[in-house]
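Subject: Handover of a structure

Dear colleague,

Please find the structure below, handed over for your records.

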Amino acid sequence: TGASTLGNPDAGPAPEVITVTTRRVKCDGGGGALGHPVVYYDMGEERFVECGYCDRRFVLAHGVGGDH
């Protein structure tokens with residue numbers, strides 16, 4: 001589908017969940033030539049964000065304040 005599910009915690013399982021320590025993340029699909037263009041996301045007030053291309057879910061680690 002590729003649709004972004006920003007702010008929707010009930011959006012079904014993500015194909016891959018990556019725990020991060022900052023609210024700003026970068027995604028390239030992780031597949032080298034099979035990946036997608038590099039995109040950057042900011043979680044804002046949320047504790048996760050999903051990539052609009054590959055649906056990877058980036059989740060802020062527990063105990064992290066999210067300072068840049």
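Arg24 stands opposite Asp42 in strand S3; strands here are DSSP runs of E with at least two residues, helices are runs of H or I with at least four, and both are numbered from the N terminus. Strand S2 (residues 24-27) and strand S3 (residues 39-42) run antiparallel and are joined by four bridges. Two strands are said to pair if DSSP finds at least two bridges between them. S2 has a covered face, formed by Val25 and Cys27, and an uncovered one, formed by Arg24 and Lys26.

The model is a predicted one, in which local features need pLDDT of at least 70 and side-chain atom pairs count only at pLDDT 80 or more, while totals for chains, interfaces and linings use all residues. Residues are numbered from 1 along each chain as its sequence is written, and side-chain values use heavy atoms, with hydrogens and water left out.

Overall fold

The secondary structure comes to five strands and zero helices, and along the sequence the pattern reads β-β-β-β-β. The chain has 68 residues, of which 31% count as buried. Buried means under 20% relative accessible area, exposed means over 50%, and partly exposed lies in between, with a 1.4 Å probe and protein chains only. Of the contacts (heavy atoms within 4.5 Å) between residues at least 6 apart in sequence, 50% join residues at least 24 apart.

Besides the pairing of S2 with S3, there is an open sheet of three strands in the order S1-S5-S4, with mixed pairing. S1 and S4 are its edge strands, each pairing on one side only. On average, neighbouring strands of this sheet are turned by 20 degrees against each other, direction ignored; the axes are lines fitted to C-alpha atoms (for helices, over the stretch in contact), and angles run from 0 to 180 degrees between N-to-C directions. S1 and S5 run parallel and are joined by four bridges, with Val17 opposite Arg57 in S5.

Nonpolar core

Which residues make up the largest nonpolar core? It has 10 residues in all: Val20, Val25, Cys27, Val39, Tyr41, Met43, Val49, Cys51, Phe58 and Leu60. A nonpolar core is a set of buried Ala, Val, Leu, Ile, Met, Phe, Trp, Tyr and Cys residues joined through side-chain atoms within 4.5 Å. S2, S3 and S5 each supply at least two residues of this core.

Tyr41, leaving aside its neighbours within four places in sequence, is in contact with Arg23, Arg24, Val25, Val49, Glu50, Cys51, Gly52 and Tyr53. Leu60 lies in S5 and is buried, with a relative accessible area of 3%. Leu60 and Glu46 are 14 residues apart in sequence, and their C-alpha atoms are 8.8 Å apart in space.

Salt bridges

A search of the whole structure finds two salt bridges, each defined as a side-chain nitrogen of Lys or Arg within 4 Å of a carboxyl oxygen of Asp or Glu. One joins the side chains of Arg56 and Glu16, at 2.9 Å from N to O. This pair links distant parts of the chain, 40 residues apart: Arg56 is in the loop between strand S4 (48-50) and strand S5 (57-60), and Glu16 is in the segment before strand S1 (17-20). Arg56 is buried at a relative accessible area of 14%, whereas Glu16 is partly exposed at 35%.

The side chains of Arg57 and Glu50 also meet in a salt bridge, at 2.4 Å from N to O. Here Arg57 is buried, with a relative accessible area of 14%, and Glu50 is buried as well, at 4%.

Cys27 is buried at 1% relative accessibility, while Cys54 is partly exposed at 24%.

Finally, Asp55 is found in the loop between S4 and S5. Asp55 has a positive phi of about 70 degrees although it is not a glycine, and it counts as buried at 16% relative accessibility.

Yours sincerely
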